[in-house]
Amino acid sequence: MKIIAKFEQFHLQARQNIWIGYFAIFCRIALAAGFLPSGFVKINGERFTALANNHPMGHYLEALFYTGYYYTFIGVMQMLAAILLLIPRTAMLGALIYFPIILNITVLSLAVRFDGSLFTAPLMLTAVIFLLGWDYHKLKYLLPLKQNNTAILLPQQSKNNKFPFVFFGSVFIYMISFVIFITNIYSIMPRNTLAECARQCDKTKHPEACISFCECIHKKGNSLQECLKTYKKDGL
């Protein structure tokens with residue numbers, strides 16, 4: 001319970017800082033901008049990308065496109081989440097809808113090593129988690145926690161204009177650390193095309209095995225797991 005008490009104190013201090021408030025608004029707008037175009041494409045019945053079907057993500061997106069109204073439903077929920085985020089009074093509901101969608105995209109991107117959302121999806125997921133924390137004084141009523149009155153949790157006090165160097169410094173360090181981590185997490189990537197995949201082979205320990213991996217993905221259309229097994233076997 002001490003942890004919850006400390007978090008509530010931190011939450012109160014954050015809510016009183018106008019700069020962190022501006023950051024929350026930025027996150028809401030950025031997240032909405034990320035879902036509105038992709039949601040519209042799905043509602044309009046168009047393919048989301050021109051990625052080749054042989055690519056691991058291409059397999060998934062091609063199958064998803066042919067799911068009929070499920071494909072449209074995803075687009076509707078993306079646009080709904082985005083619109084709700086743009087309205088201050090419904091921002092928390094928008095974040096709650098947004099969270100499972102972007103979590104699924106994040107796990108999918110990591111699983112198939114997709115360049116298109118390997119960086120953006122986890123960062124968007126982090127932004128949604130921040131927004132859920134920002135609205136903790138509302139969200140806490142959905143959690144099995146000891147409840148305090150919102151007026152007690154967020155008493156009426158003057159706003160703090162002091163720039164939160166520690167907060168934004170932590171955000172900057174997190175983003176730099178994330179980029180370094182995600183850049184080095186995989187020894188080999190399928191990339192989006194055969195040519196792009198082959199360019200990385202000169203930097204690998206086993207160039208010939210890397211070329212075979214790229215052809216396994218982009219020419220034969222095999223699964224990522226199967227091609228990785230072949231790559232590791234050829235690289236021995």
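A disulfide joins Cys216 to Cys227, with an S to S distance of 2.1 Å. The structure described here is a predicted model. The torsion about the S-S bond of Cys216 and Cys227 is about -85°, so this disulfide is left-handed. Because Cys216 belongs to helix α12 and Cys227 to helix α13 (residues 224–234), the pair ties together parts that are 11 residues apart in sequence. Cys216 is buried, as is Cys227.

**Disulfides**

A search of the whole structure finds 3 disulfides. Another of these links is formed by Cys197 and Cys214. Cys197 lies in helix α11 (residues 194–199) and Cys214 in helix α12 (residues 207–218), so this pair ties together parts that are 17 residues apart in sequence. Both Cys197 and Cys214 are buried. A further disulfide is that of Cys201 and Cys210, and these two cysteines are likewise buried. The geometry of the links is set out below.

| Disulfide | S to S distance | Torsion about the S-S bond | Handedness |
|---|---|---|---|
| Cys197 and Cys214 | 2.0 Å | -80° | left-handed |
| Cys201 and Cys210 | 2.2 Å | -75° | left-handed |
| Cys216 and Cys227 | 2.1 Å | about -85° | left-handed |

When the bonded cysteines are counted along the chain, the disulfides follow the pattern 1-4, 2-3, 5-6. Elsewhere in the chain, Cys27 has a relative accessible area of 5% and is therefore buried.

**Packing of α7 against α5**

Helix α5 (residues 91–112) and helix α7 (residues 120–134) have axes that come within 9 Å and cross at roughly 155°. The two helices are therefore roughly antiparallel to each other. The crossing in which α5 passes α7 is left-handed. On the α5 side, the contact comprises Ala95, Leu96, Tyr98, Phe99, Ile102, Leu103, Ile105, Thr106 and Ser109. These residues meet Ala121, Pro122, Met124, Leu125, Val128, Ile129, Leu131 and Leu132 of α7. Sorted by class, the contact of α5 with α7 contains 15 nonpolar and 2 polar residues, with no charged residues.

**Packing of α7 against α10**

Helix α7 also has a contact with helix α10 (residues 165–184); the axes of α7 and α10 come within 11 Å and cross at roughly 155°. That angle makes α7 roughly antiparallel to α10. The crossing of α7 and α10 is right-handed. From α7, the contact is made by Pro122, Leu123, Thr126 and Phe130, and from α10 by Phe167, Tyr174, Met175 and Phe178. The contact of α7 with α10 divides into 7 nonpolar residues and 1 polar residue, with no charged residues. Pro122 is listed both in the contact of α7 with α5 and in the contact of α7 with α10.

Asp135 is found in the loop between α7 and α8 (136–139). With a relative accessible area of 8%, Asp135 is buried, because values under 20% count as buried. Leaving aside residues up to four places away in sequence, Asp135 touches Arg15, Ala91 and Met92.

Terms used:
Residues are numbered from 1 along each chain as its sequence is written. This is a predicted model: local features need pLDDT of at least 70, side-chain atom pairs count only at pLDDT 80 or more; totals for chains, interfaces and linings use all residues. Side-chain values use heavy atoms; hydrogens and water are left out. Axes are lines fitted to C-alpha atoms, for helices over the stretch in contact, and angles run from 0 to 180 degrees between N-to-C directions. Helices (H or I, at least four residues) and strands (E, at least two) are DSSP runs, numbered from the N terminus. Angles under 35 degrees count as roughly parallel, over 145 as roughly antiparallel, 65 to 115 as roughly perpendicular and the rest as oblique. A crossing is left-handed if the near helix is turned anticlockwise from the far one by less than a right angle, and right-handed if clockwise. Contact means heavy atoms within 4.5 Å. Ala, Val, Leu, Ile, Met, Phe, Trp, Tyr, Cys and Pro count as nonpolar, Asp, Glu, Lys and Arg as charged, and the others, Gly among them, as polar. A disulfide is a pair of cysteine sulfur atoms within 2.5 Å. Buried means under 20% relative accessible area, exposed over 50%, partly exposed in between (1.4 Å probe, protein chains only).
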